Amino acid sequence: MGYRGIVPPQDEGGLIGEAQRGSAGAFEELVRLHDREVLRLALRMVRSEEEARDVYQEAFLKAYRSIREFRGESSFKTWLFRIVTNLCLDHARRQAGRRDEPLPAQGDHRGDDWTVEAARLLVDRRPESDPERALEATEVRRRVEEAVRRLPERERLVFALRHDQGLRLVAIAEILDASGETVRNCLYRAHQRLRAALSDLRWAAAGAAPGRAAPAVERKFRAPGRREPVNGVK
Amino acid sequence: MMSCESNRERIILMIYGEVEESARLDLEAHLATCAACAAVFEDERRTAGILASAPMDGPPEALLQRCRDDLHRALEKNSSRGRVEGARAGALSRRLWWSPAWATALLVAGFAVGRAFPGAGLPSLGHRPEPATEGAATIANVDFHENDPLSDRVSLTYDTLLRTSLSGTASDPRIRRVLVDTVRDNRNAGLRLEALDVLRRHVDDRDVRQALLRAVREDENAGARLKALEALTGRAAGDPEVRGAIVQALLKDPNPGVRVRAIDALKDTRGPETLAVLRRLAEQDPNEYVRQRSAALVSEMLPQGTVR
């Protein structure tokens, strides 16, 4: 193969064509366009980095073997994510079947979350980084991740595709081969469960820092084309 | 007229930017006049704010790299197997009666004839084979693609394993390459340790550094992880990737000796973030000595006024 770093960047369509003609190198270039998001989704959906590695490998090998069947009826990302989400659901269901492996306990400092966060803290050497605030943020992040991890797998998947990947519900419905109504319900239920799980944080946010969360909401969740915040509710 | 009961789902979808423009305008008009729904909106927006303030990080670079390496190897294996299987399938369709035993017998006979009559070639190939390129190499993994006992024509693929000697210093890229491969792939822990001993003086080389980082994270032998960690210690202050690997060892390595060495490796990376990690470790590490060592370093750091 030896394609890496030799071939100049190409458009996705060209790479797909070459991969369909059997070029593993072109396929690897395609992988690099999407694999960060694939791995992120896998990490959200399965229990460990090892399992996420398995999902990553299985997904791309499956895509490689069946890329000739890709007809361009959806985007390549949608096609690829269909493979990935099916594998994630399979893995998540297998996990759910293993009663002898409980979810990592809250506050388990040797878990991956804390490691990643600690590494991030150490790497982040900007003068404005304040350890107390950083640890506070770490705690919020840990609580959110824990709450997301406890969502039923399908709701977790919809939440991850919307929240982490920034996909619109219509694209999520296409990936999951589900109706828009089903996907909307999933997102609604996921949000409600998270709301209940994070209620103490919600009230703390309301009391401690009025208006602090709202700009983030506006930035992150504002509908395309929306001009101003909602009247009368600021 | 909107029913307040049925608005909650719509409100959430609006926060996610997932309602039609006309429905959004209706809902906004309603929220402006209905205090109960406005309160629900504010509450849901707060939840969304918390979720938005804790986005999931992208995957760790080292993990992504490992995934890419694994996939690269799998694709290589996949495509070479595909080629061989494809060729083999073609040969089978041409010679359905062919069997590997028969092929092997013919090959062995061919070599024997070749050795007994060095001047005799394979006329149907049109040229002499070139055994000299193989020299004294060991031949392994023979695959037959085509065989015709009537004409003696054979087409096959095989691996060669040729023992080679090198001597010099690890400044020689060829020697460094062998050592890096040994650290990375050799199953013999003793050999990995020997290679690490030599490579520790060459951490400026990117490949060496990557091999050492991988050893810190993944080597199953605690001695090898320790050696790799020691080799990288000097770079902890200036290289975020090295710091990340040391923190990972600090928090995840099952061997307390490695964790203690990781604490020592962080001595020169003084700063509020290091302090936060060490404090946490001083309270929560399962090993008492590791807790004490972390606490000692924390108290050593505090009076110097670098972290307040």
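Why is helix H9 (residues 222–232) of chain B largely enclosed by the rest of the structure? Eight of the eleven residues of H9(B) are buried, so the helix is largely enclosed. A residue is buried if 20 or more other C-beta atoms lie within 10 Å of its own, exposed if 12 or fewer, and partly exposed in between, with C-beta atoms placed from the backbone. Helices (H or I, at least four residues) and strands (E, at least two) are DSSP runs, numbered from the N terminus.

This is a predicted model, in which local features need pLDDT of at least 70 and side-chain atom pairs count only at pLDDT 80 or more, while totals for chains, interfaces and linings use all residues. Residues are numbered from 1 along each chain as its sequence is written, and chains are lettered from A and ligands numbered from 1 in the order in which they are written.

**Confidence**

- The model scores ipTM 0.71 and pTM 0.49.
- Chain B has a mean pLDDT (the predictor's confidence in each residue, from 0 to 100) of 75, and 73% of its residues reach 70 or more.
- Within chain B, confidence is lowest in helix H5 (residues 100–116), where the mean is 44, and highest in H8(B), at 91.
- Residues 84–134 of chain B have a pLDDT below 50, and beyond near neighbours in sequence this stretch has 27 contacts in the model. Two residues are in contact if their C-beta atoms, placed from the backbone, lie within 7 Å.
- Where pLDDT is low, the predicted coordinates should not be read in detail.

**Chain A overall**

- Chain A contains eleven helices and zero strands.
- Of its 234 residues, 35% count as buried.
- Among contacts in chain A between residues at least 6 apart in sequence, 60% join residues at least 24 apart.

- Helix H7 (residues 153–164) of chain A is mostly covered, with nine of its twelve residues buried.
- The buried residues of H7(A) include Leu157(A), Val158(A), Phe159(A), Ala160(A) and Leu161(A), and also the charged residues Glu155(A), Arg156(A) and Arg162(A).
- Two packed helices are described by the angle between their axes and the distance between the axes.
- H7(A) packs against H9(A) at an angle of about 95°, with the axes 8 Å apart. Axes are lines fitted to C-alpha atoms, for helices over the stretch in contact, and angles run from 0 to 180 degrees between N-to-C directions.
- H7(A) and H9(A) are therefore roughly perpendicular to each other. Angles under 35 degrees count as roughly parallel, over 145 as roughly antiparallel, 65 to 115 as roughly perpendicular and the rest as oblique.
- On the H7(A) side the contact uses Arg154(A), Glu155(A), Val158(A), Phe159(A) and Arg162(A), which meet Val183(A), Cys186(A), Leu187(A), Arg189(A) and Ala190(A) in H9(A).
- The residues of this contact divide into six nonpolar, no polar and four charged. Ala, Val, Leu, Ile, Met, Phe, Trp, Tyr, Cys and Pro count as nonpolar, Asp, Glu, Lys and Arg as charged, and the others, Gly among them, as polar.

**Positive phi in chain A**

- Just after H7(A), Gly166(A) takes a positive phi of about 70°.
- Asp177(A) has a phi near 55°, a positive value in a residue other than glycine.
- Most residues other than glycine have a negative phi.
- Asp177(A) sits in the loop between helix H8 (169–176) and helix H9 (180–197) of chain A, and counts as exposed because it has 10 C-beta neighbours inside 10 Å.

**Chain B**

- Chain B has 13 helices and two strands, and 28% of its 308 residues count as buried.
- In H9(B), the buried residues include Ala224(B), Leu226(B), Leu229(B) and Leu232(B), along with Arg225(B) and Lys227(B).
- The cover over the buried residues of H9(B) includes helix H7 (189–199), helix H8 (206–218), helix H10 (240–252) and helix H11 (256–265) of chain B.
- The axes of helix H6 (residues 173–185) of chain B and H7(B) come within 8 Å and cross at roughly 135°, and the two helices are therefore oblique to each other.
- Their contact is made by Leu179(B), Thr182(B) and Val183(B) of H6(B) with residues of H7(B), among them Leu191(B), Arg192(B) and Ala195(B).
- Ala276(B), in helix H12 (residues 272–284) of chain B, counts as buried because it has 22 C-beta neighbours inside 10 Å.
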